[in-house]
Amino acid sequence: MPHPYASLRSQVTQASARGVPLQIRGGGTKSWYGQNIEGEVLDTREVSGIVAYDPAERVITAYCGTPLADIEAALAEHRQMLAFEPPHFGRGATIGGCIAAGLAGPRRASAGAARDFVLGATMMNGRGDMLRLGGRVTKNVAGDDIARLMAGSLGTLGLLLDVSLKVLPRPQAELTLKFDMNGTDAVRKLNEWAGRPLPLTASAWRNGTLALRLGGADSALKSARNTLGGEVIDAVEAERFWTGLREQTDAFFRIIPADAALWRLSLPSITEPLQLPGVQWMEWGGAQRWWVTDTDAQTVRMTVRQAGGHATLFRCGSRYNRNVGVFTALPSPLMSIHRRLKAVFDPARIFNRGRLYPDL
């Protein structure tokens, strides 16, 4: 077994033999995401570096502990990018944590989710066996997309050792427009524009202002601006705005009262703004809503369920009850599938035990 996988394998096999849970951790920038977990830390940062990168094929393969910033810098040299625009949530974020969390930024609605760009991966199961899933070039990806199970699994299925991702070219140019309108009109406009051939790469609404980001050739941006109207936002200000949304450095996310929580709502894009106490920020064409409120979890989830969506307890203040569960409870058939997958990949239940759901 090639170095440095041997060291990780030793830790995994010993933990499995003793029945000791492991916390898989890279940069720790998303360690707060999900349920509270226990166990010894399995540090992935010793397995770091870009394994292969072919700009012509638009595929990059990297070890799990590789800093996300290093990957983005390598791609930027060839004007390419991780199209799902992953958040870092702090310095030291790794590609392994990026895929395990499965989170995406403002470009998600137009480009796709993290799992959509996973071509293949090498993982280590709970027995210490290495499994190669998928491939390293687009044309080799066929059959069951097992590698994509790693995206969003929060490390509960196994240890991600390396991952191969499809990358895309950066837009030739970008432009952000803003419009004064209420939330109801914003939802209607976003759904109308989504059905037209416009180069939309991101959208966000709050406090009576709708922002649209356009990306593509200069001629396409000029045509879209003539069609849409709106006011052009200065490029520096626009970058600060979208970064604040993606990285949650904007004051909206940082000021959470002790008895309140930040909820992430997934809703049909046509859903009009929910009339609930607190403040909201809407993105992804209306399909994702951020909501800071002191409303109890049962009311939040019931309201969102009635609207056809689900709610995730993303962050919360010190006095908010985290025992309500971070993720919406799954129907019994789906939970049964999760349990079977966990049993196959991690029979001793050592990896990130309970991080997704308490009984996983």
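The legends below describe close-up views of a predicted model. Local features are reported where pLDDT is at least 70 and side-chain atom pairs where pLDDT is 80 or more, while totals for chains, interfaces and linings use all residues. Residues are numbered from 1 along each chain as its sequence is written, and side-chain values use heavy atoms, with hydrogens and water left out.

**View 1. A salt bridge joins D162 and R132.** Side chains of opposite charge can pair when their charged atoms come close. A salt bridge is defined here as a side-chain nitrogen of Lys or Arg within 4 Å of a carboxyl oxygen of Asp or Glu. Between D162 and R132, the N to O distance is 2.8 Å. D162 belongs to strand β8 (residues 159–166) and R132 to strand β7 (residues 130–134), so the pair, 30 residues apart, links distant parts of the chain. Helices (H or I, at least four residues) and strands (E, at least two) are DSSP runs, numbered from the N terminus. D162 is buried, with a relative accessible area of 3%, whereas R132 is partly exposed at 36%. Buried means under 20% relative accessible area, exposed over 50%, and partly exposed in between, for a 1.4 Å probe and protein chains only.

**View 2. D250 and R206 form a salt bridge.** Their closest N and O atoms are 3.1 Å apart. D250 lies in the loop between α7 (235–246) and α8 (251–254), and R206 in strand β11 (residues 200–206). These two residues are 44 residues apart and link distant parts of the chain.

**View 3. R246 and E247 take part in a network of salt bridges.** The closest N and O atoms of R246 and E247 are 2.9 Å apart, and both residues are buried. The network also includes E85, R107, E174 and R213. In the whole structure, a search finds 14 salt bridges.

**View 4. C64 and C98 are not joined by a disulfide.** A disulfide is a pair of cysteine sulfur atoms within 2.5 Å, and the structure holds zero of them. The nearest cysteine sulfur to that of C64 belongs to C98, 12 Å away; this is too far for a bond. C64 is buried at 2% relative accessibility, and C98 is buried with a relative accessible area of 2%.

**View 5. P257 is found in the loop between α8 and β14 (261–266).** P257 is partly exposed, at 40% relative accessibility. Leaving aside neighbours within four places in sequence, P257 is in contact (heavy atoms within 4.5 Å) with V292 and G317. The C-alpha atoms of P257 and Y320 are separated by 9.1 Å, although these residues are 63 residues apart along the chain.

View 6. An α-helix has 3.6 residues a turn, so residues three or four places apart point the same way. In α9, the residues A297, V300, R301, T303 and V304 are buried. The face turned away from the buried side carries the exposed residues Q298, R305 and Q306.

**View 7. D296 caps the N-terminal end of α9.** A side-chain oxygen of D296 lies 3.3 Å from the backbone nitrogen of Q298. After α9 comes G308, whose phi is positive, near 90°.

Notes: A polar contact is a pair of N or O atoms within 3.5 Å; within protein, one must be able to donate a hydrogen and the other to accept it, and residues adjacent in sequence count only if both atoms are side-chain atoms.
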